Amino acid sequence: MLFRSLGRTGSAFTWDGRLNLKNARFSRDSGPLDEHCSCPACTRFSRAYIRHLVTQQEILGLRLLTVHNLFFLLDLTERARAAIRGGTFAVFLSESLDRLASDRDGPPSVHRKAARLRTRLAVEAQPELDDLEKICKSALDWEKRLASRN
């Protein structure tokens with residue numbers, strides 16, 4: 001729900017942090033929301049046009065942001081799965097938090113909260129992350145064994 005509701009308030013998630021399309025700095029930005037995204041919003045529309053739609057309260061702008069945010073969530077999930085399969089989830093998590101916390105439009109409190117979360121994850125969650133990686137690897141091994149039998 002977070003990704004959908006943020007799209008409805010004029011925000012877009014990118015791998016470089018959250019963008020608030022209501023900001024005036026996007027009024028003449030001809031680039032896509034995220035250069036590495038293949039969603040319809042990024043391939044067909046500019047940040048300036050989507051900003052115009054959002055500021056004029058056109059429903060298309062909010063829908064485009066919602067579609068983009070859902071594409072971003074699917075990409076994030078796929079990358080997390082790939083990291084789990086590769087045994088590098090802890091590294092992926094740390095790098096993703098660093099990139100996503102680079103919320104250029106967000107208040108300083110967001111950066112402080114993200115820093116506390118990274119610290120807490122590094123200290124408290126590492127054993128759980130290691131266990132999660134072991135469980136996922138075990139599940140992948142079982143999948144391979146079952147596939148080899150067929």
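**Charged pairs and helix packing**

Guide: Asp29 is partly exposed, with a relative accessible area of 21%, where buried means under 20%, exposed over 50% and partly exposed in between, using a 1.4 Å probe and protein chains only. This is a predicted model, in which local features need pLDDT of at least 70 and side-chain atom pairs count only at pLDDT 80 or more, while totals for chains, interfaces and linings use all residues. Residues are numbered from 1 along each chain as its sequence is written, and side-chain values use heavy atoms, with hydrogens and water left out.

Visitor: Which side chain meets Asp29 in a salt bridge?

Guide: That is Arg47, with an N to O distance of 3.1 Å; a salt bridge here is a side-chain nitrogen of Lys or Arg within 4 Å of a carboxyl oxygen of Asp or Glu.

Visitor: Is Arg47 buried or exposed?

Guide: Arg47 counts as buried, at 16% relative accessibility.

Visitor: And what does the pair tie together?

Guide: Arg47 lies in helix α3 (residues 47-55) and Asp29 in the loop between β2 (17-20) and α2 (40-44), so the pair links parts that are 18 residues apart in sequence. Helices (H or I, at least four residues) and strands (E, at least two) are DSSP runs, numbered from the N terminus.

Visitor: How many salt bridges are found in the whole structure?

Guide: The search finds 3. One of them joins Arg79 to Asp75, with the closest N and O atoms 3.2 Å apart, and because these two are 4 residues apart in helix α4, about one helical turn separates them. Arg79 is partly exposed at 35%, and Asp75 is partly exposed at 28%. Arg85 also forms a salt bridge, with Glu78, at 4.0 Å between the closest N and O atoms.

Visitor: Switching to packing, at what angle do α4 and α5 cross?

Guide: The axes of α4 (residues 59-86) and α5 (residues 89-100) cross at roughly 150 degrees and come within 8 Å; axes are lines fitted to C-alpha atoms, for helices over the stretch in contact, and angles run from 0 to 180 degrees between N-to-C directions. The two helices are therefore roughly antiparallel, a label for angles over 145 degrees, with under 35 roughly parallel, 65 to 115 roughly perpendicular and the rest oblique.

Visitor: Which residues meet there?

Guide: Phe72, Leu76, Arg79, Ala80, Ala83 and Ile84 in α4 are in contact (heavy atoms within 4.5 Å) with Phe89, Phe92, Arg99 and Leu100 in α5. The residues of this contact comprise 8 nonpolar, no polar and 2 charged.

Notes
Ala, Val, Leu, Ile, Met, Phe, Trp, Tyr, Cys and Pro count as nonpolar, Asp, Glu, Lys and Arg as charged, and the others, Gly among them, as polar.
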